[in-house]
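Dear colleague,

I am passing on the structure we spoke of, with some notes to read beside it. Please look through the model first and then compare it with what I have written.

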Amino acid sequence: MSTAFTPVSHKMSARDVSVAYGDNQAVKNVSIDIDMDKVTAFIGPSGCGKSTFLRTLNRMNDTIPSARVTGEILLDGENIYSADMDVVQLRARVGMVFQKPNPFPKSIFENVAYGPRIHGLATSRADLEAIVERSLKRAGLWEEVKDRLSDSGTALSGGQQQRLCIARAIAVDPEVILMDEPASALDPIATAKIEELIHELRGRYAIVIVTHNMQQAARVSQRTAFFHLGQLVEYGETDNIFTAPRQERTKDYITGRYG
Amino acid sequence: MNGFALCFVILGLGLIGWLTARARALRFDRGGRKRLHSLPAQHGWYAAAWTVLPPLLFLAVWSAISPGMVRQTILRNPAAAQLSDFAFERDSVLAQARAVAENPYAGDVDPLARRLAPLVGATRSRYAWIGTLVAALLAFAAGAYAITRIRPDFRARSQVERTLMMTLLVASLIAILTTLGIFVSLFWESLRFFGHVPITDFLFGTHWSPQVIDAKDPGASLGAVPLFWGTFFIGAVIAMLVAIPFGLMSAVYLTQYASPTTRRWMKPTLEMLAGVPTVVYGYFAALTVAPAMRQFAVLLGDPYASSESALAAGLVMGVMIIPFVSSMADDSLAAVPTAMRDGSLAMGATTSETISKVLVPAALPGVVAGVLLAVSRAIGETMIVVMAASGAATITLNPLESATTVTKQIVDLLTGEAEFDSPKTLAAFALGLTLFVITLLLNIVALRVVKKYREAYE
C-alpha cells in the first residue's frame, strides 16, 4: 500500500519493491515516499524486513550476493536500480549509519576526512580541515574531540563513536541519511544525545531511521512506517500511527500485543 | 629381552594391576559398609598408572644413561687397553664391535673390533638385564603400593585426573624441551668453534673460504658476512619481492572479489603449493628457472653469466612462500569486521578504495606478522639453494650474480669428509646457531604482533 503526502515531488519513492535472499522473500511489494526535512521511522518486530528495505535505499544489499531486488526506487525521479546509475555516486548522496558504531581504525580526523578524500570534495588541506570541523560540529562531537583529532576513532566511547560515524556520513554532504537502529547498542544517555542530534539534522537532510524502540520512533520522527512479515502495513504521520492506527496489526504492535 | 617386548610385559602387568585393583574395590563395594568414593574402574586406572608409569620412566632414563655406563665398563676392562685414545676412532671401533656382537658374520671390520666383540656383547646384555630387572621390580612394587591404598574413601578419581593432567603436560613439554635441547647442543658446539675463531671475525669478517683455512688464523677465512648477505638477499629481498605482492594480491582477490565457487577451488589449490616438497622446487629452480635466468643475463650482455644466480633461487623460493603470505593475509583480512567494509562502501567508496584505504590498513599487523614468518621460513630454506644457488660467497647487489646462503654452506661443510673438531666443521654449528637465533627472534616478533592485533578487535 502507499500513502501520498502533500509535496508532489518526493525525495525518494519506492514502487513495488521486493527483496529476496535466495528463496526467502524478506520484503514484499513495498511502496513508500520519503521527503526532505522529515524524519521517517521504520518500526516493526525483528525480522519484519525493515532493515533489509532500508538497505535497498542506497543499494547496500548489493554487497550480499544472494540478495535480489525487484521494483523501482526513485531518487529525485531517477531509478537507482537502473543500469546507468553510479552506485558510488548514489551512496555519496544517500549516506548510512549502522547499528553498531563502525569507525575505521584511523584517527578521528581521518575518519571524517575519509569521504571527502575519496570523492575529491576538498581542494586544499585547509578546505578539508574546514569540512571535518563543520561535520564534527553538526554531529555535536566537536567540543569533545577538537583537541585530540589525531587520536584513534576506535578509542572513543560507544556514543561518541556513533556520532563520529554520523559526522563521517555528513562529511560528504548527502541528501538522505539512513540510520539502521543507530542507538540500539548505546546506553540511555548516549541514546538521548543521538536523538537530539537527529532533531538538529532534520532541517538539512531527509532522514530514515530504523528502530525497534517505539518510544524512540514517537520522539524523533514525523512519519512512521510499520512493517510486519515483509509487508508495509501502515504508513502515516507519526502522531496518527501512535494515537489512531487504522490497521488492526499496527494497533496490536504499538500496544505491545506482540513484538 | 628387547625394549619392545619389555614394554609389552609392563603393559600386561598394568592390565593385571587394573583388574586386581578393580576387583578389590568391588569387594569393598559389596561389603556395603560404606559407599566407595570413586568408581571401581577408577581404582583400576589408578593402580594401572602406578604399575606402568614408574617402570616406563625408569626405562626412558636408563636407555639414556646405560650406553655411557656400558662404555665406561668396557674401557675399564684390560682387553680394551689397545683402543686408541682418540675419541672418534675409539667410538668407531666400539661401534663395529657392537655390530659384530649382534651379527657375528658382519664383514669388513677392524680386527680389534672382532676381538672386543664378545666383551661388548656381554657387557651390553648385562646392563640390559639389569634394566629389565629393575623395571619389573618397580612395576611390582609400585603396583602393590597402589593396590594397598584402595579404601572406600580413597579418592582414586582425583588421582587419575591429576595423573592425566601430568601426562598431558609432559606431552606438551616435549616439543619445548626439544627446542631447548637443539639450542643447547648448537650453543655447545658453537662455543667450541669460538674457541678456535674469535666471534668478531666470524660475525663481521667479509671473507668466506672454508676450503682453504690458514691453521694459524682460521678466522681470516671464516667471516660469515657474505653468507648473511646472501641469505638476506635471496630470502628476504628477492623471495619477498615475489611473495609479498603476489601473496597479498591473491589474498585480496580471494577474500574480496572471488565468488564462493571460485574461492572453493582456488584456495586449496594455492595451499597445495605449500605442500610441494622443497626438493621439487629445487629441481624446478636448478633445471628450468636457472638456465632461463642465465639466458636472460646473456641477453643483457653478460656472456659469462653464472647459471647459479641468486635470482633463480630467490624467485623460486618466493613462489614457494606465496601460500604462507597469502594464507596469513587471508586470515587477517577475513578478521576485519564486515562492518568496516560496509561502512566504507556506504560512504560511496569503491571496492578497491575500501580495500586499499580501510581493509589492508586494518589487517596490516596480521600481514606484517605473516611476512615475518615467511621471511623466517625463507632464510631457513635449504633445498632450493642447495640445488640452485652457488657456493661462491660474494657480496653483491646484482641478482644475476651468484650468491650463497647460510643453509647452503652448512650443508657443504657437513657433507663429505668431515673431521668433527676442525674449525671448518664447527663453523657449521655457529652458522646454525646464528640462523636459529634470527628465525627465533623473527617468530617471537611476529607472534607478538599477531597477539596485539587480535586484542584490538576483541
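This is a predicted model: local features need pLDDT of at least 70, side-chain atom pairs count only at pLDDT 80 or more; totals for chains, interfaces and linings use all residues.

Residues are numbered from 1 along each chain as its sequence is written, chains are lettered from A and ligands numbered from 1 in the order in which they are written, and side-chain values use heavy atoms, with hydrogens and water left out.

In chain A, 4 strands form an open antiparallel sheet in the order 2-1-4-5, where strands are DSSP runs of E of at least two residues and helices are runs of H or I of at least four, both numbered from the N terminus, and where two strands pair if DSSP finds at least two bridges between them. The edges are strand 2 and strand 5 (78-79) of chain A, each of which pairs on one side only.

Strand 1 of chain A (residues 12-21) is mostly covered, with 7 of its 10 residues buried, that is, under 20% relative accessible area with a 1.4 Å probe and protein chains only. Strand 1 of chain A pairs with strand 2 of chain A (residues 24-34) in the antiparallel sense over 7 bridges, and Ala20(A) stands opposite Gln25(A) in strand 2. These two strands form a hairpin with 2 residues between them, and Gly22(A) in the turn has a positive phi of about 60 degrees. Strand 1 of chain A is also joined by 8 bridges to strand 4 of chain A (residues 67-75), again running antiparallel, and there Arg15(A) has Glu72(A) as its bridge partner.

Chain B, for its part, has 15 helices and 0 strands. Its radius of gyration is 31 Å, whereas a compact globule of 458 residues would have one near 23 Å, the radius being taken over C-alpha atoms and the globule rule being 2.2 Å times the number of residues to the power 0.38. The C-alpha trace of chain B spans about 85 × 75 × 40 Å along its principal axes, and 41% of the 458 residues of chain B count as buried.

With best wishes

Conventions: Buried means under 20% relative accessible area, exposed over 50%, partly exposed in between (1.4 Å probe, protein chains only).
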